[in-house]
Amino acid sequence: MSERILIVEDEEFIAKALERRLRHEGFKTTIAYNGRTALVQIYNNSPSLVLLDLTLPDIDGIEVTRELRQNDIDVPIIMLTARDAIPDRVKGLDIGADDYIVKPYNNDELMAHIRALLRRALSIKTEEPYQFADLTLEPASRLAYRGKRLIKFTAKEYDLLELFMRHPNQVLTRDQIFDNVWDYDFGGESNIIEVYIRYLRAKIEKEHEPRLIQTVRGVGYVLRE
Ligand code: CA
């Protein structure tokens, strides 16, 4: 699955130019033209990285970053700042942005920053196993343990479980699950999510083990004890 980058930029011309370049580089992209839309996009679609313009029409990049970090959303953020806004830059890093680049920036330089940050995020991601209740998921080996019992997965089963492990106790809608695990349009009537939830439950919830993936009727699913 290719990395999805959220472009948060109120100037349409700049946003579209960035989008063209990123797509040319093989990334998927989404554009948000203001801070609130950006937050909704991040909460719903878990992008791999956010390019965040500092000055936005509603809530600025600093506020967006602050809200995300307060809610333990650790998506990598590169802040796009004006040349003379050094105090803003420092503030951005202080409250949890990962990197910044000064406008007007060179596109090659921006791409280098993006790749470096994605690499770093990925290595952090693969080092740390996910833990929930007595379930441990190891990104490096793509294996899980329920207690001491070893569990192996197919690629999609793993992607689905990793999504739940990244968002424990958070109800994930069918659309969120779909957008994160299946990156093509399957049509609204498909029961593929139900099918894969059944596969996962068969593997991680043997008859004597408490249920971990709970159904939220009419909405989706949640990893919860
Ligand atoms: Ca702006």
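**Notebook: around helix 7**

I began with the cover over the buried residues of helix 7, which includes helix 2, helix 6, strand 10, helix 8 and strand 12. Contact here means heavy atoms within 4.5 Å. Helices (H or I, at least four residues) and strands (E, at least two) are DSSP runs, numbered from the N terminus. The model is predicted: local features need pLDDT of at least 70, side-chain atom pairs count only at pLDDT 80 or more, and totals for chains, interfaces and linings use all residues. Residues are numbered from 1 along each chain as its sequence is written, and side-chain values use heavy atoms, with hydrogens and water left out.

**Entry: burial in helix 7.** I listed the buried residues of helix 7 and found Q176, I177, F178, N180 and V181. Buried is under 20% relative accessible area, exposed is over 50%, and partly exposed lies in between (1.4 Å probe, protein chains only).

**Entry: helix 2 against helix 7.** I looked up how helix 2 (residues 35–45) packs on helix 7: the angle is about 80° and the axes are 9 Å apart. Axes are lines fitted to C-alpha atoms, for helices over the stretch in contact, and angles run from 0 to 180 degrees between N-to-C directions. Helix 2 and helix 7 are therefore roughly perpendicular. On this scale, under 35 degrees is roughly parallel, over 145 roughly antiparallel, 65 to 115 roughly perpendicular, and the rest oblique. The residues that meet are Y43, N44 and N45 of helix 2 and Q176, D179 and N180 of helix 7. By class I noted one nonpolar, four polar and one charged. Ala, Val, Leu, Ile, Met, Phe, Trp, Tyr, Cys and Pro count as nonpolar, Asp, Glu, Lys and Arg as charged, and the others, Gly among them, as polar.

**Entry: the cores.** Which residues touch the most other members of the largest nonpolar core? They are F153, F164 and I177, in a core of 29 residues. Two or more core residues come from each of strand 6 (130–132), strand 7 (135–138), helix 6 (155–166), helix 7 (174–181), helix 8 (192–204) and strand 12 (220–223). Helix 8 gives the largest share, seven residues. A nonpolar core is a set of buried Ala, Val, Leu, Ile, Met, Phe, Trp, Tyr and Cys residues joined through side-chain atoms within 4.5 Å. Leaving out residues up to four places away in sequence, I found that F153 touches L137, R142, L143, A144, Y158, L161, L200, K203 and I204. Another core lies apart from this one and has 19 residues, including V8, L39, I62 and L68.

**Entry: helix 6 against helix 8.** Helix 6 and helix 8 pack at about 80°, with axes 10 Å apart. That makes this pair roughly perpendicular. I noted K156, E157, L160, L161 and F164 on the helix 6 side, and Y196, I197, Y199, L200, K203 and I204 on the helix 8 side. The contact divides into eight nonpolar, no polar and three charged residues.

Entry: I found an open sheet with strand order 10-12-11 and antiparallel pairing. Two strands pair if DSSP finds at least two bridges between them. Strand 10 (172–173) and strand 11 (213–216) are the edges, each pairing on one side only. Strand 11 and strand 12 are joined by four bridges, and T215 stands opposite Y221 in strand 12. Helix 6 lies across strand 10, strand 11 and strand 12, at about 65° to strand 12. Helix 8 packs on the sheet too, touching strand 11 and strand 12, and makes about 150° with the direction of strand 11.

Entry: Four bridges join strand 7 to strand 8 (residues 143–146), and T136 faces Y145 in strand 8.

Entry: Strand 1 (residues 4–8) pairs with strand 2 in the parallel sense over five bridges, with L6 opposite T30 in strand 2. Four of the five residues of strand 2 (residues 28–32) are buried, so strand 2 is largely enclosed by the rest of the structure.
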